[in-house]
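Dear colleague,

Please find below the structure that I am handing over to you. My findings follow it, and I would be grateful for your comments.

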Amino acid sequence: MTGPKNLESRTKHIKATWARHCNKVLYMSSEATDFPTVGLNVSEGREQLYWKTIRAFQYIHEHHLQDADWFLKADDDTFVVMENLRHTLSKYSPEDPVYLGRHFSPFIAQGYMSGGAGYVLSKEALRRFVGGFESGVCDHHSSIEDMALGNCMENMQVKPADSRDVLGRQTFHPYPPDYYLLRKPPRPRPWFLIYDRYTPREGPDCCSDHAVSFHYIYPQEMYTLYYLTYHLRPYGYQYRYNPEESTEINTPLVTA
């Protein structure tokens with residue numbers, strides 16, 4: 001998700017970094033450009049974000065449903081490690097009505113996925129989301145995009161799947177790494193963890209070795225994370241973390 005004003009300041013840096021690892025990328029905006037962006041029939045502004053999300057998924061359903069197994073929505077200030085996303089998705093079927101992200105608790109009985117951290121819909125979840133608007137089961141009842149989408153998911157019997165790794169560590173993150181990595185003394189949940197479905201961890205054990213996303217990442221940090229993810233390697237270090245060996249690994253196609 002992006003907008004005309006962000007193409008130079010944000011979106012081109014995503015295009016130069018993590019988007020290169022996607023199977024297919026669509027840049028959704030209110031205007032069509034030669035960037036290229038897909039022009040949706042919406043206005044810009046935070047209060048229009050859910051309309052933009054609805055129109056984007058409707059467009060994908062009409063034009064690209066057969067191009068991928070999974071469909072990722074990410075903002076233009078989100079950093080995503082696509083290889084880790086494919087690994088996280090490998091234990092689920094795209095024909096199951098599920099979606100994944102950072103699982104928040106309040107407002108919706110089954111919870112919902114943080115918009116900033118990005119979330120991914122299975123092919124069946126996408127079908128049901130679009131079908132919900134065609135049937136009238138879902139509507140634009142709130143401008144709070146992630147919560148409103150979660151309400152539609154619940155109404156259409158699309159279940160939130162667990163995106164944590166086998167050690168229970170989070171993979172999707174609504175804030176930058178420094179919000180989570182610093183060890184803190186015991187305390188009440190800070191404001192940025194208050195919505196978490198699962199008991200949060202702080203310090204080095206906060207985040208999966210196979211982290212998928214971080215939000216509020218701007219151009220300098222985008223290139224820094226890209227370097228740390230794909231280039232920096234400690235000489236002679238033997239990687240010790242082994243994901244669940246019994247999980248059947250596949251490489252699902254993901255459209256962002």
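A crossing of two helices is called right-handed if the near helix is turned clockwise from the far one by less than a right angle, and left-handed if the turn is anticlockwise. In this predicted model, the crossing of helices H2 and H5 is right-handed. The contact between them involves Leu49, Tyr50, Thr53 and Phe57 on the H2 side, and Glu145, Ala148, Leu149 and Cys152 on the H5 side. Sorted by class, the contact of H2 with H5 comprises six nonpolar residues, one polar residue and one charged residue.

As to the geometry of this pair, two packed helices are described by the angle between their axes and the distance between the axes. For H2 (residues 49-63) and H5 (residues 145-155), the angle is about 50° and the axes lie 8 Å apart. That angle makes H2 oblique to H5.

From H1, the residues in contact are Ser9, His13, Ile14 and Ala16; from H7, they are Pro219, Met222 and Tyr223. The contact of H1 with H7 has five nonpolar and two polar residues, and no charged residues.

An open sheet is formed by three strands in the order S4-S11-S10, with mixed pairing. Strand S4 (79-80) and strand S10 (172-173) are the edge strands, each pairing on one side only. Between S4 and S11 (residues 213-214), the pairing is antiparallel and runs over two bridges. Within this part of the sheet, Val80 stands opposite Ser213 of S11.

Finally, some remarks on the chain as a whole. The protein chain contains seven helices and 12 strands. Taken along the principal axes, its C-alpha atoms fill a box of roughly 55 × 40 × 40 Å. How does the radius of gyration of the protein chain stand against that of a compact globule, and what is its value? For 256 residues, a compact globule would have a radius of gyration near 18 Å; the protein chain has 18 Å, and so agrees with that expectation.

With kind regards

Notes:
Residues are numbered from 1 along each chain as its sequence is written. This is a predicted model: local features need pLDDT of at least 70, side-chain atom pairs count only at pLDDT 80 or more; totals for chains, interfaces and linings use all residues. Side-chain values use heavy atoms; hydrogens and water are left out. Axes are lines fitted to C-alpha atoms, for helices over the stretch in contact, and angles run from 0 to 180 degrees between N-to-C directions. Helices (H or I, at least four residues) and strands (E, at least two) are DSSP runs, numbered from the N terminus. Angles under 35 degrees count as roughly parallel, over 145 as roughly antiparallel, 65 to 115 as roughly perpendicular and the rest as oblique. Contact means heavy atoms within 4.5 Å. Ala, Val, Leu, Ile, Met, Phe, Trp, Tyr, Cys and Pro count as nonpolar, Asp, Glu, Lys and Arg as charged, and the others, Gly among them, as polar. Two strands pair if DSSP finds at least two bridges between them. The radius of gyration is taken over C-alpha atoms; the globule rule is 2.2 Å times the number of residues to the power 0.38.
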